[in-house]
Amino acid sequence: MRLSISIAVAIFILSGGAAMSKNIEANLNGLRLAIDSETGCIMKMSYSNAGTMIDASKDECGIIDLAYPIKKFEPLRLAARFSTGANIDAASDSLTIKWDKLGASRTNFPLNGNVSAIVNFKAQPDGKTIIVTGEITNNSDISVRQVIFPDFFGLAPFAGEDHTILKTCGFGAIPFRELHPTEGRKSTQFCMDAASNTVEYSSGGRFNSMWLRWLDFGGLNGGFSLFPKSWGWDPRYTVRLMHYEFDEKIRMMCIHPDEVKPGETWKSPEFVLTPHDGGWAKGIEPYRAWVNQNLKRDYPLPKHIKEGLGYRSIWMCLGWPDDPKDAAWKVKDLEALTKENVEHGLVEMSVWGWHRGFSLPMQPVYPHLGTQEEFESIIKKSRDLGSTIAPFFSVVLAGPETASKYGLTVSQDMGWTQHTDTIPRFNPPYSSTYAAAHVPLTNELWQKEVLESCKELVDSGITSLGWDQFWNKSSDYNMVELTKKIRAMAKAKDPESSFYGEELWNMEIDAELLDYTWNWGGYSDYQAFINSFPAPRINICISDDVWSVKRGFADNLFMTIFPKKPGSVNGSDWIKSYPEFSKALKQCAKLRKQFLPYFTEGISIGNCLLTEPCLGAHQASYVLPDRIMAIVINESEEREVAFKYNLLPWLKSPSHKYEMRVYDIDGNLLETSEISSRVKSQKTKKLPYLDMVIYEFIAKFLL
């Protein structure tokens with residue numbers, strides 16, 4: 001462990017030759033910063049193999065920026081880049097920048113008083129991270145209405161425009177490509193985000209783009225990670241990226257929509273800045289420690305959920321019991337469906353449309369599907385068959401028969417008719433049967449009836465349950481205590497019972513309650529979440545796509561399998577109706593079982609084993625204390641896939657030797673060989689499209 005800071009002053013001649021500006025240079029745990037001595041802005045930021053990450057111009061640079069709307073000019077801003085006379089203090093382990101008066105974006109408006117600011121970078125004893133904090137004091141007569149901090153102006157495509165990635169727990173993006181000015185963007189009204197080459201992301205849950213507060217900016221050569229030390233009900237984290245047309249750079253703004261009134265002082269959360277070599281999985285390590293420090297679950301994942309490949313979801317009917325064509329499945333079909341699940345490695349079955357939703361007390365199974373006794377019987381039997389049936393229920397909304405009990409009136413605007421024959425299929429304006437009202441979750445009668453209905457299910461042997469619209473939206477409007485009561489009842493009856501839901505608004509809270517998610521949407525990049533959160537298992541919905549199955553397997557996602565008959569609802573068909581899909585599921589289920597410890601105990605590092613991008617292939621790796629597994633999927637035409645990698649950041653061998661084992665898509669061992677830590681390239685056998693190879697690298701200890 002080493003902590004270092006070096007300070008130097010470099011002088012640069014500005015264009016024009018007359019004025020001179022000094023950059024104060026500091027080195028904090030290897031992060032090199034060049035700060036303009038007049039404005040206090042970051043001019044350059046660099047680190048080891050990542051190189052120069054920020055390369056700002058004198059006019060377009062930043063660190064802190066405020067909205068300061070005055071009556072004559074509401075767009076007025078106060079910012080470091082408009083300031084002079086910054087006071088910069090470089091101590092042995094920190095860098096502090098002070099502004100007695102932040103400068104304004106326009107100088108022709110008289111201002112009464114001033115707004116001062118302090119920014120501090122403090123190297124941490126871990127030798128890796130820097131804590132960044134900001135503070136402003138409003139000694140003026142006008143409120144500050146927005147704070148942007150940190151404000152990283154001048155981010156360069158230091159891993160190349162195609163491979164400098166913004167990675168979050170909810171997606172991966174290529175900002176220099178996706179935000180690049182185009183004719184389509186230029187022809188859009190100037191104030192729109194598209195026209196200004198801007199995008200905004202926010203934290204929260206699966207209904208928010210970032211999901212969580214962590215991000216990484218960089219490539220396989222290196223970059224930096226950033227997150228605030230915030231959790232749970234703390235304020236959301238919002239980030240805007242803007243691609244500037246004049247210098248091809250990116251501005252990353254962390255936005256706080258706070259009002260700082262006259263006489264008040266505002267302080268930022270502590271931001272953890274982690275520069276790193278290699279890919280994002282190195283930068284996320286402090287965040288994973290932060291998650292481990294804060295995430296407190298009452299129950300571990302049930303064994304079958306932790307180990308399983310995925311689960312099935314079926315839609316039994318569309319909710320019109322008088323229609324002879326209404327049922328897609330009947331209760332008598334559930335046993336055969338469960339057996340098909342087991343054949344494909346699916347450990348649970350989420351059942352939709354089994355009863356009338358939006359109703360409390362909860363209704364029994366629809367009579368045209370079967371009897372309640374038959375339903376309870378097959379659910380009890382399903383665990384022994386090897387794939388638990390877990391009904392999905394909707395009680396956050398109240399239908400016409402229920403809403404009046406809570407003093408609510410249903411609204412057509414919240415209609416939930418869903419049928420293949422209506423136009424439109426969802427909420428046609430002429431249908432009111434499934435109109436609903438949103439129940440305030442603080443309603444005590446509603447809470448009582450939910451708890452009683454769940455107790456009735458649990459007492460009947462239905463212990464694994466799913467919650468539609470898991471709505472933890474604010475600390476005053478949440479379901480934490482209610483959920484804990486439901487889970488405690490189910491766990492007392494069945495210690496391996498599961499609880500899942502459609503996660504919406506607060507993943508940090510919901511991760512303590514849910515075992516897995518049921519959210520709409522296909523494959524996406526959730527590798528960072530898998531790396532840092534032990535639960536819940538994150539689902540992706542797959543109808544019959546082989547590519548999604550193989551990527552989902554590689555990324556340790558909990559696949560929601562719901563093949564549909566043409567023209568029918570999701571989850572209305574047998575898996576066996578899609579032979580290639582069925583084959584892929586069986587292959588991946590076998591491989592997961594064969595390499596299970598990597599998925600259940602290993603650390604997911606995505607493609608960060610690689611030293612450069614492997615085009616036309618998907619790569620995902622998992623690290624255990626003495627070995628690494630690497631999955632390579634060919635996503636191009638038939639070929640040998642060549643890739644370069646580095647084991648040393650992830651797995652050191654005392655002998656500097658490793659045993660390499662290579663397996664095919666069926667788990668057959670193809671070859672075993674000894675390699676040295678200097679070996680950094682590999683080539684697969686010839687792989688057809690969507691074929692895969694699995695590598696194991698095992699450290700060899702000295703004799």
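Guide: Glu335 is partly exposed, with 25% relative accessible area; buried means under 20%, exposed over 50% and partly exposed in between, using a 1.4 Å probe and protein chains only. This is a predicted model, in which local features need pLDDT of at least 70, side-chain atom pairs count only at pLDDT 80 or more, and totals for chains, interfaces and linings use all residues. Residues are numbered from 1 along each chain as its sequence is written, and side-chain values use heavy atoms, with hydrogens and water left out.

Glu335 forms a salt bridge with Lys381, at 3.0 Å from N to O; the term requires a side-chain nitrogen of Lys or Arg within 4 Å of a carboxyl oxygen of Asp or Glu. Glu335 belongs to helix 6 (residues 334-343) and Lys381 to helix 7 (residues 372-385), 46 residues apart; helices are DSSP runs of H or I with at least four residues, strands are E runs of at least two, and both are numbered from the N terminus. Lys381 is also partly exposed, at 38%.

A second pair is Lys405 with Glu449, at 2.9 Å from N to O. Lys405 sits in the loop between helix 8 (400-403) and strand 27 (437-438) and Glu449 in helix 9 (residues 444-459), so the bridge ties together parts 44 residues apart in sequence. Lys405 is partly exposed at 35%, whereas Glu449 is buried at 10%.

Asp515 pairs with Arg297, their closest N and O atoms being 2.7 Å apart. Asp515 is buried, at 0% relative accessibility. In total, the structure holds 35 salt bridges.
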